Amino acid sequence: MNGEAERTVAFTVNGSPWRGTVEVRQSLADVLREAVGLTGTHLGCEHGVCGACTVLVDGRPVRSCLMLAVQADGAQILTVEGLAPGPDQLHPLQEAFWNHHALQCGFCTPGMLMTAWALLQEHPQPTRAEIQTWLSGNICRCTGYQNIVEAVEEAAVRMAGEGGRA
Amino acid sequence: MSVLSAPRFVGQRIRRVEDPRFLTGRGRYVADHEPVGTLHVAFLRSPHAHARITRLDPGPAERAAGVVAVLTGQELEAAQIRYAGFAGQPIAPLAVDEVLYVGHPIAAVVAHSRRQAEDAVELIAVDYEPLPAVVDPLAALAEGAPLANSRAASNVCFHLEHQPAEIDQLFQEADLIVRETFRTHRQTAVPMEPRGILATWEPVAGMLTVIGSSQWAHGLRDGLAAALHLSQSKVRVVVPDVGGGFGVKYGIYPEDVAVAYLATRLGRAVKWVSDRIEAMISDFHARDGIHMAEAAFRKDGTYLAIRDRMVSPAGAFMLDGSAAVLETVIGSLVLPGPYKVQAVGFTIDGVLTNTTPLGTYRGVWGPAATWVQEGLLERAAEKLGLDRVQMRLQNMVRKEDFPYHSPTGVVYDPGSYQESLKLAAERIGYADFAREKAEAARQGRLIGLGIAAFIEPTSLGAWQPEPPTVPYESAVVRMEPSGEVLVQVSVNSHGQGHETTIAQLVADVLGVDFSAVAVRFGDTAAAPFGGGTFGSRSITVGGGAALEAATKLREKVLAIASHLLEAAVEDLEIGDGAVAVKGVPARRVTLGEIGRVAYWIPGKMPPGMEMGLEASSRYVPPPMTFSNGCHAVVVEVDPDTGRVKVLRYVVVEDCGTMVNPNIVEGQIVGGVAQGVGAVFLEEMGYSDDGQPWATTLMDYHLPLASDVPTVECLHLETPSSTPGGMKGMGESAMVAAPAALIGAVEDALSPYGVRFQRLPLTPERVWQAIQAASQPK
Ligand code: FES
Ligand code: FES
């Protein structure tokens, strides 16, 4: 093997600092799941298509199966575990997904939520077509998407009512 | 007869109790379990469709960094480790000297990390001598065709035939015979969570514990026990959260056996989680059937008889639950669908091929058989110049015909066949559609309307004298000393929401709040034996068992209350967490008080009554319970590109009592999306030499948010005779959607006279069909 095999990285996950030694070839998803212990980020394909592994890196949606952990050095990372405003509370997106039966097996759900979060940051009042386009990078095999799209619509309305809190 | 009178929770759109953990990233799937010291497995798989292994040297891999062991087929063979395929035929988990499909596992590397295991797989030295690959099932049937497996006597691995005496006569008397070959393509279910298994072994005690992503905990337990020569009591299977199944996680896989064996050999926790590329070639494939069908009609549209010759490429092995058997045999039982015919004949050949084994995927028989059923009828209506809705109505089983004894021997329980067709036709705008279509044509647009009336045989019970599937489901309902309720069921959830729906049922029977009922499943150490989740039967059969057990428990609760209140049982009513004397609400005893007596105070129990509050049931349903309904859809075809857009989609569903309409509609909309995938997007193709074309999600196109239509769901409710009046429906949308969509595209292309014999209807295939049809008529 050429070059260094391991490196120390430090980043912030859901507001808490994390520091550790990782293999330079390890994906951010593997490090989040195995080293940080946050298994809410799921792996559905490991080749960048399904979106189940989507997390926010410095506010932008990223497929954590395609990003190396070392690339996240110094970054602010948000995963599904950090979405809710507090313990025993849900984010309006989570609440809306619940209300609309927008999940069945729940495996795609974390990635859907993170992508929807990024969408609503950029387009606080998205059209239906915008929602469909944004969510087209996340595959759900269970729901047929209809309820997910409706949930994002509801969350947008609620969040607008709450002063755009995300 | 329904045990649910005046339900409070059944029928309500209650939010699911399982959702908060999924929404907050606290779901726990197999991959999320990792005991300290867990070892990881990666498999070496065949790159050839058919070859002899002339050399296999694990040495270089064994010496690689982090590697603990390399397992080969020889070792498993020496230990006589095999699992049972169709009719108990043994299957070797790892190939020994002959590989039979691309993806066939050959060896397993165990290492400290998955990365190390994957690296080491590359180091195993293997030499192959390629053999002729058998891919096309019709060619495989030909005289002198090469064998897909050199140990097999013939490529035919399953044959069944039934031609009733009167069928020739009916075809002779017919005014019209419609013949068509319908060929479905190969698909695979692709649950978003790949398969996975974690096995741990307690030495000396000899206890195997497995955490597996499975639809059937007890089946996996018994399959592993048999394969590994362990007693069933020494194997415990725990199914955690499961990220979708759709049939593909039912049954046992070679990787399950190899990983469990490795745990026993190494005395360590051993784990394997499939990556997507290996999932595409190692998860069961599905469909891929050929139906050479013919149907006989009278001039007035009367449907007389249907004959179908079915050929199914089973793949390299006949699995227990092989689609070569289930797709065809179940299909043969319901070929006429909701229509009355006088005779049904069929011939089935299952054929070995050098492709991934065929197993089950949502709808199993349905997408193909409903296409045959509706496709033949559409062609007949066109030839006879009859209205296609009228011709359907004319031939449908009517209210007064129920219970309807089909010539295939199955009995249809009451449904709403004509009503659902009429409702769907009305809602989609059938009466006005000729005008709409002509109007669109004037604007140069091609639009078409498709209809698929369907029946779905659900909730299998004893559907054969010695049924190949568990003919019942089980439930244990326990009221705790607090008066709260714990339910253990034998059915599993991989997205269906059993924790919610079964709680709704039990809460209504026991008169407690929905939130006071917890539903558990998936752990063979706690859950009663049953058949797991398959064939659209969990709520009817598993829910039926829960209802029966809860009803027995209610009787006991009432008997204790009667004793405590000194009132006759007939004078008591249960509700709001208490039992009270009717009309005298002050004379009441809470369920908590009853619980305290039942668990702690023998002296206050009715004389002779057993302590505790627990009841169980094994509910055997009728052989089949038929749900029904109708899909109607309007599509637009772009003649320049061959692309199809769904403009509107209506589903009428009759699944009897609906426990939770949100969940019913979730199943419908999800099923329609899979139907869109099946017809337009997904294809697991093979080259002539047996190389799979679609091994990533870039090649195998699953439907995306931008591909699926908005579906309008309408409901009719014809209750079944099961305890809650429910009927299964989890597969129905997948049963009907393909036929409706194909019919709509054909209707849009009616100016060109196009009929499709093959799927999927990719833009290319649609465009070519338009080009091939000379000119608009
Ligand atoms: S797991 Fe990263 S995109 Fe599928
Ligand atoms: S809820 Fe199962 S994949 Fe989306």
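This is a predicted model: local features need pLDDT of at least 70, side-chain atom pairs count only at pLDDT 80 or more; totals for chains, interfaces and linings use all residues.
**View 1. The interface of chain B and chain A, with its buried area.** Between them, chain B and chain A bury about 4,200 Å², and carbon and sulfur atoms carry 54% of this area. On the side of chain B, the residues B:Arg15, B:Leu23 and B:Arg115 together supply 20% of the area that this chain buries against chain A, which is more than any other three residues supply. The size of an interface is often expressed in this way, as the accessible area lost when the parts come together.

**View 2. Polar and charged pairs across the interface of chain B and chain A.** Eight salt bridges are counted between chain B and chain A, and 25 residue pairs are found in polar contact across their interface, with both residues of each pair at pLDDT 80 or more. In one salt bridge the side chain of B:Arg115 meets that of A:Glu34, at 3.5 Å from N to O; B:Arg115 is also one of the three residues that supply 20% of the area buried by chain B against chain A.

**View 3. The two domains of chain A and the contact between them.** Chain A is divided into domain 1, residues 6-81, and domain 2, residues 92-161, and the contact takes 17 residues from domain 1 and 13 residues from domain 2 of this chain. The centres of the two domains, taken over C-alpha atoms, are separated by 22 Å. An area of about 1,200 Å² is buried between domain 1 and domain 2 of chain A, and 69% of it comes from carbon and sulfur atoms. The count of salt bridges between these two domains of chain A is zero, whereas four residue pairs are found in polar contact across their interface, both residues being at pLDDT 80 or more.

**View 4. Domain 1 and domain 3 of chain B.** The assignment divides chain B into domain 1 (33-131 + 193-243 + 249-282), domain 2 (285-459 + 622-772) and domain 3 (466-619). The centres of domain 1 and domain 3 of chain B, taken over C-alpha atoms, lie 40 Å apart, and the contact takes 14 residues from domain 1 and 18 residues from domain 3. About 1,200 Å² is buried between domain 1 and domain 3 of chain B, with carbon and sulfur atoms giving 50% of that area. One salt bridge is found across this interface of chain B, and eight residue pairs are counted in polar contact between domain 1 and domain 3, both residues at pLDDT 80 or more. A close-up of B:Asp523 and B:Arg236 shows their side chains meeting in a salt bridge, at 2.7 Å from N to O.

**View 5. The largest cavity of the structure.** A search of the whole structure finds 11 cavities of 30 Å³ or more, and the largest cavity has a volume of about 100 Å³. Its lining consists of 17 residues, and of these B:Tyr83, B:Tyr101, B:Tyr253, B:Pro254 and B:Pro357 lie nearest the centre of the cavity. By class, 13 of the lining residues are nonpolar, two are polar and two are charged. Domain 1 and domain 2 of chain B each contribute at least three residues to the lining of the largest cavity.

**View 6. The second largest cavity.** The second largest cavity holds about 80 Å³ of space, and its lining residues include B:Arg195, B:Lys249 and B:Asp256, together with B:Gly196, B:Ile197, B:Ser213, B:Leu220 and B:Tyr253. The lining of the second largest cavity divides into three nonpolar, five polar and three charged residues.

Technical notes
Residues are numbered from 1 along each chain as its sequence is written. Chains are lettered from A and ligands numbered from 1 in the order in which they are written. Side-chain values use heavy atoms; hydrogens and water are left out. On a 1 Å grid over the protein atoms alone, a cavity is a set of points where a 1.4 Å probe fits but cannot get out, and a pocket is an open set with protein on both sides within 12 Å along at least five of seven lines; lining residues have an atom within 4 Å of a point. Grid points are joined across faces, edges and corners, and a volume is the space filled by probe spheres set on the points. Ala, Val, Leu, Ile, Met, Phe, Trp, Tyr, Cys and Pro count as nonpolar, Asp, Glu, Lys and Arg as charged, and the others, Gly among them, as polar. Domain bounds come from an automatic or database domain assignment. Contact means heavy atoms within 4.5 Å. Buried area is the accessible area (1.4 Å probe) that two parts lose on being put together, summed over both. A salt bridge is a side-chain nitrogen of Lys or Arg within 4 Å of a carboxyl oxygen of Asp or Glu. A polar contact is a pair of N or O atoms within 3.5 Å; within protein, one must be able to donate a hydrogen and the other to accept it, and residues adjacent in sequence count only if both atoms are side-chain atoms.
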